[in-house]
Amino acid sequence: MTINILAFGIAKEILGGAVAGVNVAEGVAVEDLKGKLEQQFPRLRELKSFMIAVNGAYAKPGQMISSNDEVAIIPPVSGG
Amino acid sequence: MLEIKIFSEPLNIQSCIDWVMTDESGGIDVFIGTVRNATKGKKVVRLEFEAYETMAVNEMRRIAEDIVTKWPVHKILIHHRTGLLKVGEVPVVIAVSAAHRNAAFDACRYAIDTIKQTVPIWKKEVFEDGEEWVTPNP
């Protein structure tokens, strides 16, 4: 399946836009998606860290993702 | 009672204070973030704030709900900006009312500290000779 990943901040520059498509197996785990993203966009490894959010909440590493989830890359935050 | 909002227009500090005021409150603590004119000796021209708005509101609400379980406060308001902000403009206002000042101070401090750690909002510093997404200190 293809997941459309939302990207913000520096991740938007690394992915080349606010949304990027990534091909993964149905039911992929968050940690595997992170690995896939790092392969496809190696500059993500230069970040101190990044998190994945699923449906507007921080996801746990083992959490499964399905095709209708809203998935986002959360690079280190700097609000306030 | 909580009010958590993200705005693309300037924040109204007085209306934030008015919103948290209650007859039961003995004090209001307010944190006002402001855009500083320099970072590490480099002159800052402006900041650009970007938010994952739905999640940012969720996370700020979670922080406020957490505060209510930790301290005896009356009302909590968090307003955060997005968009372009010049030096001296206000990216964030946090206001907390409580019967006694310690709870208001502690809750407000906890709110801004936690916002900086967990809420999906990002700022880019624009200098005279370039720009850079801010990465928090380790």
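This is a predicted model: local features need pLDDT of at least 70, side-chain atom pairs count only at pLDDT 80 or more; totals for chains, interfaces and linings use all residues.
User: What scores does the model carry, and what is the mean pLDDT of chain B?

Analyst: The model has ipTM 0.95 and pTM 0.95. For chain B the mean pLDDT is 96, and 99% of its residues reach 70 or more. That figure is on a scale from 0 to 100.

User: Why is Phe41(A) called partly exposed?

Analyst: Phe41(A) has 18 C-beta neighbours inside 10 Å. A buried residue needs 20 or more and an exposed one has 12 or fewer, so Phe41(A), with 18, counts as partly exposed.

User: Where does Phe41(A) lie, and what makes Ile14(A) one of its contacts?

Analyst: Phe41(A) is in the loop between helix H2 (30-40) and strand S3 (51-54) of chain A. Leaving aside neighbours within four places in sequence, Phe41(A) is in contact with Ile14(A) and Leu15(A). A contact requires C-beta atoms within 7 Å. The C-alpha atoms of Phe41(A) and Ile14(A) are separated by 6.8 Å, although the two residues are 27 apart along the chain. The 6.8 Å is a C-alpha distance, whereas the contact is judged on C-beta atoms.

User: How do you know that strand S1 of chain A pairs with strands S2 and S5 of that chain?

Analyst: Pairing takes at least two bridges. S1(A) and strand S2 (residues 19-23) of chain A are joined by 5 bridges and run antiparallel; Ile5(A) has Ala20(A) as its bridge partner in S2(A). Between S1(A) and strand S5 (residues 71-74) of chain A there are 3 bridges, in the parallel sense, and Leu6(A) stands opposite Ala72(A). Both bridge counts meet the threshold, so S1(A) pairs with S2(A) and with S5(A).

User: Which residues of S1(A) are on the covered face, and why do the two faces alternate?

Analyst: The covered face of S1(A), residues 2-7, holds Ile3(A), Ile5(A) and Ala7(A). Thr2(A), Asn4(A) and Leu6(A) are on the uncovered one.

User: What makes the size of each chain agree with a compact globule?

Analyst: For the 80 residues of chain A, a compact globule would have a radius of gyration near 12 Å, and chain A has 12 Å, so the value agrees. Buried residues make up 34% of chain A and 35% of chain B.

User: What is the order of elements in each chain?

Analyst: Chain A has 2 helices and 5 strands, in the pattern β-α-β-α-β-β-β. Chain B has 3 helices and 9 strands, and reads β-α-β-β-β-α-β-β-β-α-β-β.

User: Why are S1 and S2 of chain B called edge strands?

Analyst: The sheet in chain B is open, with 4 strands in the order S1-S5-S7-S2 and mixed pairing. S1 (2-7) and S2 (27-33) of chain B each have a single partner strand, so one side of each lacks a neighbour in the sheet. The twist from one strand to the next averages 5°.

User: How do you know that S2(B) pairs with S7(B), and which helix packs beside them?

Analyst: S2(B) and strand S7 (residues 92-98) of chain B share 7 bridges and run antiparallel; as pairing needs at least two, they pair. Phe31(B) has Ile94(B) as its bridge partner in S7(B). Helix H3 (residues 101-118) of chain B packs on the sheet, touching S2, S5 and S7, with its direction at about 155° to that of S7(B).

User: How many residues does each chain give to the contact between them?

Analyst: Chain A gives 15 residues and chain B gives 23. On the side of chain A, helix H1 (9-15) and S5 are the elements that give two or more residues. That side divides into 9 nonpolar, 5 polar and 1 charged.

Terms used. Residues are numbered from 1 along each chain as its sequence is written. Chains are lettered from A and ligands numbered from 1 in the order in which they are written. Two residues are in contact if their C-beta atoms, placed from the backbone, lie within 7 Å. Ala, Val, Leu, Ile, Met, Phe, Trp, Tyr, Cys and Pro count as nonpolar, Asp, Glu, Lys and Arg as charged, and the others, Gly among them, as polar. Axes are lines fitted to C-alpha atoms, for helices over the stretch in contact, and angles run from 0 to 180 degrees between N-to-C directions. pLDDT is the predictor's confidence in each residue, from 0 to 100. The radius of gyration is taken over C-alpha atoms; the globule rule is 2.2 Å times the number of residues to the power 0.38.
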